[in-house]
Amino acid sequence: MATIIDRRLNPRDKTIKNRQKFIERTRDQIKKSVKDSIDSGNIADIENGKIRVRVKGTSEPEFKTDPKTGNRRYVMPGNDQYVVNDTVDKPEDGGGQGGNQGGLGRSEDDFEFILNKEEYLDFIFDDLELPDLVKKQIKDVKKIKMKRAGYSNQGNPSQLDVVRSLKNSLGRRIGLARPKNEEIEQLEQELEQARAKKKKKLITELEERIAELKRRQVAVPWLDPFDVRYRNFVPHPEPITQAVMFCVLDVSGSMGQTEKDIAKRFFFLLYMFLHKKYEKIDIVFIRHHEVASEVEEEEFFKSRESGGTVVSEAIKLVKKIIDERYSVSDWNIYVAQGSDGDNYQSDYNNTLAAMRSLLPVVQYYAYLEIVSHFKVQWSILAPTELRKAYTSLEKSYSNINIQQATTVKDIWRAFKKLFSKEKEKATK
Amino acid sequence: MSKLLYDTNDWTFDRLRIVEDAIRDIALKELRLDVYPNQIEIIGSDQMLDAYSSHGLPLMYNHWSFGKHFLHQAYSYRKGFSGLAYEIVINSSPCISYLMEENSMTMQTLVIAHAAYGHNHFFKNNYLFKQWTDAESILDYLSFAKKYIAKCEEKYGTEIVEQTLDACHAIMNYGVDKYKRPSKINKKREEEQQKAREEYVQQQANILWSTLPNKQEKTVVSKRERFPAEPQDNILYFLEKHSPSLKSWQREIVRIVRKISQYFYPQIQTKLMNEGWASFVHYYIMNRLWENGQISDGNYLEFIQSHSGVLTQLNYNNKYYNGFNPYALGFAIFTDIRRICTDPTDEDREFFPHLIGQDWLEVCLDAVQNYRDESFILQFLSPHVIRKWRLFEITNKEVDRHVTISGIQNDQGYNRIRRTLSNQYSMFSRLPDIQIVDANLKTTRRLELHYFPVNGIKLDKSKDSVLKHIEFLWGYEVSITNLGLALAGETLFYI
């Protein structure tokens with residue numbers, strides 16, 4: 001009769017330690033791979049959680065024969081055409097046909113595998129940190145965790161606290177003066193002696209005392225259900241920090257598809273990053289030209305508008321939404337803005353005013369200015385209207401940060417600058 | 001009333017029990033199998049991947065290379081390059097078979113017959129397994145090894161432990177005394193002895209290497225004696241006992257790798273037979289179940305489909321050809337033994353006079369017990385199978401720009417093909433013959449290895465990295481010499 005055991009509930013990731021060891025060993029290479037994948041703009045892959053990584057130097061050498069050397073004889077199946085003494089030219093690379101060089105056509109030193117999403121994000125955001133991460137009250141309670149909370153006189157056997165129970169028992173026994181076994185034994189010995197000496201009076205006296213002690217021993221049990229204590233657990237709400245992220249995108253005529261693409265990648269990175277840090281995250285998409293509106297994600301990245309740019313409208317809208325929906329005490333608020341920096345001159349003061357009312361309530365304001373190729377080419381690199389305004393705010397507000405990007409490749413650099421740990425230290 | 005063991009194809013524990021009963025009946029009564037007690041464990045596919053990556057052993061110590069194999073397996077599994085095994089079975093007592101929860105009831109039936117009876121019987125009866133492994137104690141030993149290595153990592157740091165393991169793994173195939181029978185391993189004794197051994201070996205190594213000048217040495221000019229006196233092919237053992245630089249805990253790690261290598265030694269040599277026998281057993285049992293009306297026609301068809309899937313042999317010119325499929329070839333030979341015994345042709349009478357009229361089961365059971373792949377092919381590969389498989393022999397000389405067909409499936413070819421194929425499965429052609437010939441104790445402490453090439457076959461460049469690993473374990477310079485004679489164009493020896 002076979003024993004059948006269900007092991008499905010056993011810990012699953014048995015090799016997780018081995019996996020970690022391997023990743024640790026190839027850390028630097030993976031890091032480079034990950035960086036390349038971002039630079040080449042394959043960020044979208046992250047969402048599928050399938051990042052292919054190629055690493056070298058993980059071969060496990062052993063003594064092997066070189067298939068190109070020596071004389072060999074071997075047998076193969078499926079002869080469909082040959083007779084003895086037929087010859088077949090060797091393939092150019094001099095391959096030995098016989099051996100079992102299996103594999104999937106990758107060189108042995110080149111090892112390809114898939115990082116899972118968690119590992120990938122760990123690598124991406126390894127040395128990044130959110131500024132002012134700690135915050136805020138908890139509103140959304142998702143997790144309930146059982147926490148130790150003293151002792152209880154009810155519970156299940158697995159939670160029985162033996163030491164505590166025995167302490168109680170001991171205290172009670174002392175308190176109620178429960179006769180010890182030794183006491184009775186001693187009296188019984190005396191009784192024995194008394195009987196031997198036939199002291200009648202002493203015998204009855206001893207017998208009575210023993211009976212009394214025994215009665216009390218029964219009356220005061222060694223362990224009373226009353227003594228038993230269980231470790232107590234109470235449900236405890238786990239705090240979950242939450243964040244809201246505002247993506248503000250300029251969709252005016254001056255923002256072309258390339259610029260928007262750059263902005264999109266930037267927002268995506270930010271989104272992944274926040275996602276790692278917070279369990280619950282809301283995203284609000286706001287786009288603006290002369291007017292600002294809150295839109296769905298789809299619409300946010302796709303449609304193109306024409307016309308001029310009034311940034312203050314967007315900032316006011318952010319503030320309005322915060323006031324309406326995201327109470328400052330409950331939410332970590334992040335704003336990321338992508339723009340080419342154009343703004344009506346007449347809006348300068350409005351923008352400043354709007355920002356001054358917004359900045360105190362947000363955790364961090366990241367501004368990515370997308371400088372078009374055109375401008376770089378013609379060296380039109382004078383500060384834009386918006387940059388001028390924001391730069392003037394930098395002095396009085398530490399939570400605004402400005403970065404520039406021209407191509408997709410700049411994004412990672414810009415992103416890193418916005419969130420690097422060193423930066424945070426520096427500002428402190 | 002229906003005799004069907006199960007009517008829907010989803011497995012349940014009750015159904016597994018019923019099916020196992022029926023299989024055991026056939027296996028023990030009709031096939032006269034002799035098996036270790038069975039322990040069947042249900043696992044998920046990710047657990048299967050886990051088990052895969054560490055030699056299929058459930059309790060392997062931790063090492064990055066297993067993580068690498070896991071990642072690779074997971075990668076090719078997800079990309080669809082490779083499927084997962086339906087089962088893993090461990091040579092232990094009780095014999096543990098892993099079944100995947102994703103399998104259908106028919107697949108579970110097949111796998112129980114294949115692993116829990118086919119492989120199990122092979123493990124218990126084959127002479128190599130009897131000689132080299134101790135099914136009773138392997139799991140205990142692995143758990144000892146795992147704990148010991150984890151303890152070392154804690155005590156001495158992961159880096160040095162990893163380096164030691166890397167080095168040992170590089171020469172893992174050289175951890176067997178081919179000519180000596182090993183002592184059985186036992187966890188408790190192992191733990192008790194480990195400490196004593198640690199002290200003793202360290203002491204010995206110290207004596208061996210004590211550099212205090214000896215008065216006698218100055219006066220008597222004696223020729224340096226070769227050490228070791230005889231060439232040693234168990235490199236791991238030699239390093240464990242004689243390396244001047246290893247710490248005692250490192251010696252223990254070398255020993256662990258050596259013991260595990262020894263555990264696998266029979267498996268490498270009997271892959272074809274083992275898989276062939278297990279396939280033969282499952283095929284027999286499944287057919288019997290069907291004949292008895294215990295599984296339905298539909299489920300039988302499902303079995304046939306997966307059976308023929310697993311037992312497919314690709315031809316040499318197929319893009320995915322990757323050598324012989326041990327399941328298929330082994331199964332073909334066992335099936336053919338049955339045919340020869342029960343329904344011989346004139347040709348069979350000529351080639352296998354001793355099999356004619358024998359009880360086929362007796363012959364098969366005897367083969368399982370007393371052969372390994374190499375001798376099994378030499379003894380039982382029949383012209384019938386050679387023709388059916390259209391086997392042919394190729395001669396590949398280094399100097400030629402072409403290979404020559406030197407034997408095909410005809411009267412002249414049968415013996416050549418049988419011999420060459422058998423040779424292909426010999427340990428010598430699988431593993432380069434490398435031995436320790438000299439450890440210069442007196443002066444340079446250089447360790448010298450010899451490689452004995454066959455037919456001018458050289459070692460490939462990976463030997464340099466392996467030597468580095470041996471140097472790490474030895475602590476001093478290590479060199480290897482190719483002892484091959486100049487390659488004469490025409491010579492081609494059989495080993």
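The model is a predicted one, so to speak of local features a pLDDT of at least 70 is needed, side-chain atom pairs count only at pLDDT 80 or more, and totals for chains, interfaces and linings use all residues. Residues are numbered from 1 along each chain as its sequence is written, while chains are lettered from A and ligands numbered from 1 in the order in which they are written.

Start with the place where the two chains touch. Here 55 residues of chain A are in contact with 81 residues of chain B (contact means that the C-beta atoms of two residues, placed from the backbone, lie within 7 Å). On the chain A side, at least two residues each come from β1 (3-6), α1 (16-25), β3 (72-76), β4 (87-89) and β5 (111-115); these labels are DSSP runs numbered from the N terminus, with helices being H or I of at least four residues and strands being E of at least two. The top contributor is α1(A), with 6 residues. Sorted by class, this side of chain A holds 18 nonpolar, 17 polar and 20 charged residues (nonpolar covers Ala, Val, Leu, Ile, Met, Phe, Trp, Tyr, Cys and Pro, charged covers Asp, Glu, Lys and Arg, and polar covers the others, Gly among them).

β1(A) pairs in the parallel sense with β1 (residues 38-43) of chain B over 4 bridges, where pairing takes at least two DSSP bridges between two strands. One bridge joins T3(A) to Q39(B). The open sheet has 4 strands in the order β1(A)-β1(B)-β3(B)-β2(B), with mixed pairing. Because β1(A) and β2 (87-90) of chain B stand at the edges with a single partner strand each, one side of each is left without a neighbour in the sheet. From one strand to the next, the twist averages 20°.

Two helices of chain B go with this sheet. Helix α2 (residues 45-53) packs on it, touching β1, β2 and β3 (95-100) of chain B, and its direction makes about 135° with that of β3(B) (angles run from 0 to 180 degrees between N-to-C directions, and axes are lines fitted to C-alpha atoms, for helices over the stretch in contact). α2(B) is mostly covered, with 7 of its 9 residues buried, among them M48(B), L49(B) and Y52(B); buried means 20 or more other C-beta atoms within 10 Å of a residue's own, exposed means 12 or fewer, and partly exposed is in between, with C-beta atoms placed from the backbone. Just after α2(B), H55(B) takes a positive phi of about 60°. Helix α4 (residues 105-125) lies across β1, β2 and β3 of chain B and runs at about 160° to β3(B).

α4(B) has a helix partner too. Its axis and that of α12 (residues 271-291) of chain B come within 8 Å and cross at roughly 135°, which means the two are oblique (under 35 degrees is roughly parallel, over 145 roughly antiparallel, 65 to 115 roughly perpendicular, and the rest oblique). Residues that meet there include L110(B) and F122(B) in α4(B), and W277(B) and I285(B) in α12(B). This contact has 10 nonpolar, 6 polar and no charged residues.
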